[in-house]
Amino acid sequence: TVTKTGMFYLNRDSVGAVGFTADKKGGKVTKIFSSPIVEWVAEIAANGTYVFTKPSGVVEGFLYRLDSGSLKRIIGDIPGLTIKLNGSGTLGVLSRSSSNSIGLSLFNTSKGEETALNVSTLPEKCVFPIPEKGRVETVICAVPKNIPRAIYPDSWYQGLISFEDIIYEINTETGELSEIADLGSLFSKPIDAVNLTLTEDRKTLVFKDKTTQTLLTLELPEG
């Protein structure tokens with residue numbers, strides 16, 4: 001994973017996983033942590049590097065921040081935990097496996113506080129726009145119209161389940177939802193959106209349809 005100052009990567013050894021940092025050219029390699037847990041996912045933010053255990057609805061997940069070469073627990077004991085952080089690392093959307101469905105919340109990393117959202121999706125289907133000065137921070141998510149009963153996120157990762165999404169913008173202070181587009185109606189077929197990114201001018205949402213791996217774009221409304 002590339003950071004502003006270099007890169008972070010994981011290797012396996014005989015006892016588990018080892019995390020390293022390096023400069024942008026791959027030099028100045030420094031070992032910063034090791035763990036008997038083999039599979040991790042990294043999230044890089046302005047306030048540090050976060051890692052969480054590979055998500056599974058049948059295993060309790062944990063989120064840590066790398067702190068002076070050790071792991072500081074942020075939250076844990078959550079089945080199916082997966083998270084997407086904003087650029088500063090202060091806020092994220094966090095999901096959990098709940099009754100064969102998905103529970104979604106906003107998570108404040110510094111306070112360790114969750115605020116449940118009245119919508120269900122996976123953080124892999126979300127993106128935080130860079131906040132505009134003087135405006136409330138929002139997160140844009142592809143939200144399934146229906147979520148069949150299954151083990152999440154496993155069944156979706158494995159391609160056993162696919163979704164038909166609507167794009168929403170979520171106000172991170174109030175939780176209010178604003179519909180941007182029904183992708184099924186727009187593209188005349190079900191779209192299971194992943195890898196959401198925004199162009200620098202914030203005018204266009206770029207994403208892939210998970211089912212076909214087709215790259216798609218959506219022009220966002222002004223304001």
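The model is predicted. The structure holds one disulfide, and a search of the whole structure finds six aromatic pairs. The largest pocket has a volume of about 860 Å³.

**Open sheet β12 to β15**

- Four strands make up an open sheet, ordered β12-β13-β14-β15. Their pairing is antiparallel.
- The edges are β12 (126-127) and β15 (177-182). Each has a single partner strand, so one side of each has no neighbour in the sheet.
- Strand β14 covers residues 165-171. Five bridges join β14 to β15, and the two run antiparallel.
- Within this pairing, Ile170 stands opposite Leu177 of β15.

**Disulfide Cys126 to Cys141**

- Cys126 and Cys141 are joined by a disulfide, with 2.1 Å from S to S.
- The link is right-handed, with 110 degrees about the S-S bond.
- Cys126 sits in strand β12, and Cys141 sits in strand β13 (residues 138-144). The pair therefore ties together parts that are 15 residues apart in sequence.
- Cys126 has 2% relative accessibility and counts as buried. The cut-off for buried is under 20% relative accessible area.
- Cys141 is at 0% relative accessibility, so Cys141 counts as buried.

- Strand β5 (residues 48-53) has six residues, and five of the six are buried. β5 is therefore largely enclosed by the rest of the structure.
- Strand β4 (residues 40-45) pairs with β5 over six bridges, in the antiparallel sense.
- β4 and β5 make a hairpin, with two residues between them. Ile44 stands opposite Thr49 in β5.
- β5 is also joined to strand β6 (residues 60-67) by three bridges. These two strands run antiparallel.
- β5 and β6 form a hairpin with six residues between them. Phe52 has Leu63 in β6 as its bridge partner.

**Aromatic cluster around Trp156**

- One aromatic cluster is formed by Tyr152, Trp156, Tyr157 and Phe163.
- A pair of aromatic rings is described by the distance of the centres and the angle of the planes.
- Trp156 and Tyr157 form a tilted pair. Their centres are 5.8 Å apart, with 45 degrees between the planes.
- Trp156 counts as buried, at 3% relative accessibility. Tyr157 is partly exposed, with a relative accessible area of 33%.
- Lys210 lies over the face of Trp156, at 4.9 Å from the ring centre.

**Largest pocket**

- The lining of the largest pocket consists of 31 residues.
- Of these, Lys84, Leu85, Cys126, Val127 and Leu196 are the closest to the pocket centre.
- β4, β8 (82-85), β12, α1 (154-157) and β16 (193-198) each supply at least two residues of the lining.
- β16 gives the most, with five residues.

Note on methods. Residues numbered from 1 in each chain as written. Predicted model: local features only at pLDDT ≥ 70, side-chain atom pairs only at ≥ 80, totals over all residues. Heavy atoms only, no water. Pairing = 2+ DSSP bridges. Disulfide = S-S within 2.5 Å. Buried < 20%, exposed > 50% of the residue type's maximum accessible area, 1.4 Å probe, protein only. Phe/Tyr/Trp six-rings, centres within 6.5 Å; stacked < 30°, edge-to-face > 60°. Lys NZ or Arg CZ within 6 Å of the ring centre and 35° of its normal. 1 Å grid on protein atoms, 1.4 Å probe; cavity = no way out; pocket = protein on both sides within 12 Å on 5 of 7 lines; lining within 4 Å. Points joined across faces, edges and corners; volume = space filled by probe spheres on them.
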